[in-house]
Every structure is written in structure tokens, then in C-alpha cells.
Amino acid sequence: FRKQKLPEQWGSVKLALAATIPELLEKCHTADDYCVIPIENSTTGLVMDTIRAYQVYGADWPNELRIIGDLWLPIHHSALVRKMGRKSKSFTRVFSHQQALDQCRTYIGLQALAVGGITSSTAEAARLVASDAKYSDAIAIASPFASRMYRLRRIQDSIETSYTNATRFHLISSYLCRNQMRPNRTAIIFSPPAAVGSLARIIDC
């Protein structure tokens with residue numbers, strides 16, 4: 001989903017893919033590079049892969065990266081299968097990222113699917129199902145874009161439980177201003193001690 005839509009003011013851009021959040025941050029080398037990273041979903045809350053990556057780097061982000069803005073995007077999931085796969089009622093397994101699985105719990109339950117594996121991204125789930133005939137009984141939950149990329153068949157669209165499902169993405173770069181884009185967010189991540197009133201004392205500072 002990170003490559004599904006980009007801000008119009010960026011114009012034409014070349015997309016570089018990464019399997020994990022840390023790998024994506026490491027790929028952002030120059031002032032002309034931008035990362036689009038999911039931070040929060042309207043259905044499932046914080047994206048913990050991103051939070052953990054932020055905590056690992058702390059104040060020492062690679063390549064002097066900064067959060068320069070954010071955007072909300074509607075997220076719609078599709079059920080993807082191999083083109084030579086089985087009939088729609090004979091699928092038994094589902095693969096996807098944990099966030100997508102959580103956002104599609106109702107569909108997974110109605111189809112009585114067992115989670116065959118949790119992948120590093122929804123695109124990785126699509127690639128996995130497309131990679132081998134042993135996944136002919138499997139469904140990948142991913143974007144419609146992934147069906148074209150990996151030549152999979154879409155058996156159902158918009159399978160997310162909430163039709164208002166949306167994800168907030170951070171825009172990250174080492175360059176503060178490009179094409180009139182200005183930093184418009186400050187992000188603070190902290191862990192208060194496990195004591196009564198600790199959060200209140202931090203807020204009062």
C-alpha cells in the first residue's frame with residue numbers, strides 16, 4: 001500500500017521497494033529520496049513495526065532523516081489467488097501482514113480460513129502465493145495493485161471489515177523543503193515508567 005498513491009506535488013517519481021521498515025529507511029539516502037511509512041490505522045491502531053523501528057533508531061536516524069509530514073489514505077484489501085487456483089469455495093489458508101489480517105477478520109472468519117503465515121508486507125504475501133503451485137489453496141490479502149504486479153486473480157475486493165478503513169502514513173526525508181512542501185508535524189515517542197501518575201506528570205511538563 002505504500003506505493004499505491006503518492007502526493008501529487010511530488011510529480012513523477014521512481015519507486016524503490018523494501019521488505020521491512022528499517023530497510024526502507026536505509027534506502028532513503030539523498031535529499032531526493034522520500035519514504036512513505038505507515039504509522040496508524042483507523043481499525044487496528046498503531047503500526048507496531050514502525051514504532052519499533054523508530055525506537056531502535058531513537059535520535060540517530062540514518063542519513064539525517066526527518067518526519068516532514070503525513071497523509072491519510074483509504075485502504076481497501078482484495079483476496080488474491082493463483083490464476084490456475086481452485087474454485088472460490090475450496091481455499092483453506094490465508095497469508096498477509098498482521099495488520100491486513102486484523103483489518104479483514106470478518107472475511108477470514110466467514111470463509112473459515114486458517115492463517116497459513118504472517119508476512120512482512122501485503123505485497124510479500126502476494127509474491128509468496130504467486131511463487132509456487134503449493135499455494136493453490138491459499139489466499140493472499142493485499143492491494144488490487146499487487147494482483148497486477150504478481151499476476152494473481154482477484155476473487156473479492158474490499159474485504160476489510162470497516163468500509164472507512166484508512167491508514168496514516170509518515171512522509172520521511174532528509175530534505176526539509178521541496179516543491180513547496182514544508183515540515184508540518186513534530187513526532188515525540190517516549191515510554192513513561194510503570195507507575196501511577198507517570199503519564200500525567202509528563203504531560204504537565
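Two strands pair if DSSP finds at least two bridges between them, and strands (E, at least two residues) and helices (H or I, at least four) are DSSP runs numbered from the N terminus. The model shown is predicted, so that local features need pLDDT of at least 70 and side-chain atom pairs count only at pLDDT 80 or more, while totals for chains, interfaces and linings use all residues. Residues are numbered from 1 along each chain as its sequence is written, and side-chain values use heavy atoms, with hydrogens and water left out.

**View 1. Strand S7 and its pairing partners.** Strand S7 (residues 138-142) pairs in the parallel sense with strand S5 (residues 93-96) over 3 bridges, and Val94 has Ile139 of S7 as its bridge partner. Strand S4 (residues 78-82) pairs with S7 in the antiparallel sense, also over 3 bridges, with Leu80 opposite Ala140.

**View 2. The two faces of S7.** Ala138, Ala140 and Ala142 point one way from the strand, whereas Ile139 and Ile141 point the other way, and all are buried (under 20% relative accessible area, with exposed over 50% and partly exposed in between; 1.4 Å probe, protein chains only).

**View 3. Thr119 in the loop between strand S6 (114-118) and H5**. Thr119 counts as buried because its relative accessibility is 11%. A polar atom of the Thr119 side chain lies 2.8 Å from the backbone oxygen of Ser121, and the backbone nitrogen of His97 lies 3.4 Å from a polar atom of that side chain. Beyond its neighbours within four places in sequence, Thr119 is in contact (heavy atoms within 4.5 Å) with Ser96, His97, Glu124, Ala125 and Leu128.

How values were computed: Polar contact = N/O pair within 3.5 Å; in protein donor to acceptor, adjacent residues only side chain to side chain.
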